[in-house]
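Have a go at each one before you read the solution.

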Amino acid sequence: MTMHEKEEDLSQRVMAELALSLQMQTQSCHDEIGRIGAELRAIVPRCSADLSRLKLGIENLKEDAKTLLEAHVAHRGSSSHGAVLVGSQEEDEEKKEQGEEENCLKDQSSIPLVGGDHDDSPNHNPTSSSKDQVTDEKYHDDNDDKDDDNLASSTSSTPASSFRHTAALETLSTLHALKHNLNCAKQVLVAASTYNQTLAKIPSLLNPSTIHQCVQAWMELEHGAKALSGMPGKTQRQAEIQKIRQEILTLLKPVLLHALNKVDSRLGPFQTCVSLYQSLGEMSSLMDEYVKVRPSSVHKLWFDYRKLQVDKRNVQTNDNTNRYNEEDDDEEEEAKESLDNLSMKQEDDDDNDPSKTFITWLPTWYDAVLVLLSEERRRSHAIFGAEHAPEVMVKVLNECFRPIYSSFEKRLATLCGVDLSNSGGSGGDGQSFDAICRAYASTMQFLSVAYEQMVDFDNNTTSSFANAAIDGGGGGSYDTPARHKTPVQLHFLTLNAFVTIASPFVAHQRNFAALESNYSGTLTRDLSMDLHKAVSGRILSSSEMRESVDKLASTATLIFPMVQGSLARFELMKCGFAASDGLDTIDKILSSHFGELSISFHTLLANTLSNQKTSDPRFSNGFDEQQIHCALDVLKIAGEIRSNLEIFHAKVRDRLSWLAGRIEAAAEQNVALSEALEKRMFNSNLVPDSLSVSDVEVLLATSIHGDVGDGDNTKMSPSVTTLRTLSTAVDENDKSMFPKTLDSLNRLIKNSQLFVFEICAAVPLQILNEMHTLPVWSKNDNMLSHITSSSYGTLPQSYMTQIGEHLLALVQALEPFASDKNALNAANSVMGGIEHINMKYWRNFAHVIRSGHDHDDVIHFLRKGENMKNLILSLTENEMEEEVDILDDNEIEAQKFCNQWLDVICSSVTGLLLEKTMRIEFLSPKGCEHLCTDLNYIINVLTALGVSGHPHPLLIHILELTKLSAEELESRIVDAPDDIYSLKNIETRLLQMRLALR
């Protein structure tokens, strides 16, 4: 069926319903006109007789009042005459009262008592009591106005003292009281005359054909009982009315059920039931019966999904079973088990994965519920009217979910079990918790749209409450009618329904931290496996190292989309409540990933350095510049990790601040609505016109996770306080949000710095490790005559020239990376604290010379060597003249970066060189000559690099000490004072090496 045909069919259905409604209303009007005409024909004769009697009584009252006024005017005479007059007036009043009592007894002689015999007079119509009352009251009011005018004119025309005026007013008040009592007596007598007769005729009307007359008679009976509320027998009358009411409801039940079955095609019968139930004051029970049958279609659709899944499994089982039909009978059981295992392995397929199938199907079911609500919105207005339609819609929405709560919970538990202790449960599925979150997001979207379907309830009851306001004299607070609800009441009724609808998700929301940790752990395990695969195996070439580094770079930052998803799930399921637990989960995810990345760096470094042995020709010939580029890319990876973490950190703070504001806004609105609810105020402006998805989320989360005080805006709620604290940054190293992550990041940065250092300094460090064991230090002149050249003198040894060439080549290797602005910015962000790398070499040197000072501050001063310059022999500053080039900012930053690494590498090489020099066991004169040449060479190289602080003063000092003879050195040691840098120990150690060969 096309869309046009559907619209045309819907229009025809609407027109048919309107036609039926018009027909029923027309017929009801005709019936009402006939009934009113019959009542008027019966009332007119009785009214005529009553008017005659009332006219006579009023004339007598007027005569008595006139007599009383004349008596007061004549009071000016003698006291005896006044006393006689008063006495005669009292006698006249007594006679008048006796006459009235006799007339009343005569008039009421034919009226039976309550509970006595019934009046069978054909002239008496029980339905005329209320009409008589209205006519009599109008007549009395007209005559009272005339009497008041006559009394006022006679009083004003007669001169009298203040005493006479006071007496006249007291008499007039007595007459008005007498009139009121007579009217009350009349109402009681009329009610007593009609109650028993109405009670007697109701049993004959208790049948479906006269149900309307029965309900009307019951209403008259209830009206009479109210008039007789002060008379004896009240409890008996209430019991009789309640019994008849239950009998009528029992009689109406089949009629109601039949009308409900036909409500889709005919509205007339059900509208008739609505009017009858409204007369009986049973609209609540009528609504309950109505809403039970309305959502039957969506209930069928819900449970058909389970049948559909069972049918799919049966089809799959049958298809698989056909494959085994040719097997032997003794293998039948084994074949069935294989089929079961095969069906369990098909979860990754979109058609067979329960989570994907259900999550895809759930929004379509929500759409069906929304279509039902849209139709119900129109139908309930036509049937129940604008006063009751909103409440009916809320009940229909609640009824759509009431029978499926347990089924909904089971389906969610199938996707993701809450109990993670069961290893075989579905809680360990990698995609399960994400499916729960997507289902919850669909539910929130549905509730937001459903609220819009009912949002006009604040306007539906406007007319009723406005009329109440006019009748009550205005003001801002009114009493709610018994069968109507204020907009605020309807709003809270809707929110309660929302809370109930979302209740299947409560267990997953309360166990968010554990479920999210399990789900994210599955994802990060896959990521960790990718990291380990990228660095597994030995690195035999620079291309292999480049491939590993590129894999690390592409995998390292994938953690941030994952934690952003975790943050989004936290906002969805927790809305900022229990923020510490949610952030702790993210903290564990990040710290674990950073730890795995640090391990990967260490593994890659070990695999790379495992081939750099002195026996390796490539190692002996120098280093591979591409390896240094790869090492610097590792530093760049650490910088990108830190940059992404700072961005994520700032985003989390912004989101937490936003969540705190959202909770506060929801609390303020809740307080205003609660006050309006308590005061029963009609103020539709307080009720929101719509609820966004985020509004629905925070309202439901407050009901589930809210602490004491979270719904009160008079003081800062605990949850808001926590969010405000976490979202306020103290400094860049603030650990209040992700303490474990920051610790892991610091370790990662140090490992990346160490990675670059080990690759860049691997050649000189490996060479210097064996320096102190070289035989050249202890050999005599004749043993080295064949090595040295008489024309050129002593040359630097090969190990030292390799070190010098390596250091000079580092400049060319570092510059290409430093010229890339983006790479340089990333690397510079993690260059802090790089000095920690060379501290161990200087600490080893201090241990060799037995300085006795292992404190970091002393080691730091020893490494810098700035304060020992006045203690050094022949120290000359580096006064090399260099051309001063004008550099831009990028070039300055690049030069600074290169100098930082050259400073660290040169300082480490210097510290290791000094340590190994102090470990030389024997030092011959020729050995001293070679040591002087080697030290002089490395000093020249360090000077050529132009790095501040190099060459180190101790290198120059040891060079000068080596040039001294043993006697000169010994004499210097005797005269040298002690110092914190242990220079005397260095000199002593050099003397020991030179004297060891004697």
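**Exercise 1.** Where is Ala-578 placed, and is Ala-578 buried, partly exposed or exposed?

*Solution.* Start with the place: Ala-578 lies in the loop between helix 21 and helix 22, where helices are DSSP runs of H or I with at least four residues, numbered from the N terminus. Next, the backbone: Ala-578 is not a glycine, yet has a positive phi of about 55 degrees. Last, accessibility: Ala-578 counts as partly exposed because its relative accessibility is 35% (buried is under 20% relative accessible area, exposed over 50%, partly exposed in between, with a 1.4 Å probe and protein chains only).

A word on the source: this is a predicted model, in which local features need pLDDT of at least 70, side-chain atom pairs count only at pLDDT 80 or more, and totals for chains, interfaces and linings use all residues. Residues are numbered from 1 along each chain as its sequence is written, and side-chain values use heavy atoms, leaving out hydrogens and water.

**Exercise 2.** Which loop holds Cys-575, and is Cys-575 buried or exposed?

*Solution.* Cys-575 sits in the loop between helix 21 (559–573) and helix 22 (579–609). Cys-575 also has a positive phi, about 60 degrees, without being a glycine. Its relative accessibility is 0%, so Cys-575 counts as buried.

**Exercise 3.** Is the peptide bond from His-950 to Pro-951 cis or trans?

*Solution.* With omega near 5 degrees, this bond is cis. Pro-951 belongs to the loop between helix 34 (925–945) and helix 35 (953–963). For background, most peptide bonds are trans, and most residues other than glycine have a negative phi.

Technical notes. Helices (H or I, at least four residues) and strands (E, at least two) are DSSP runs, numbered from the N terminus.
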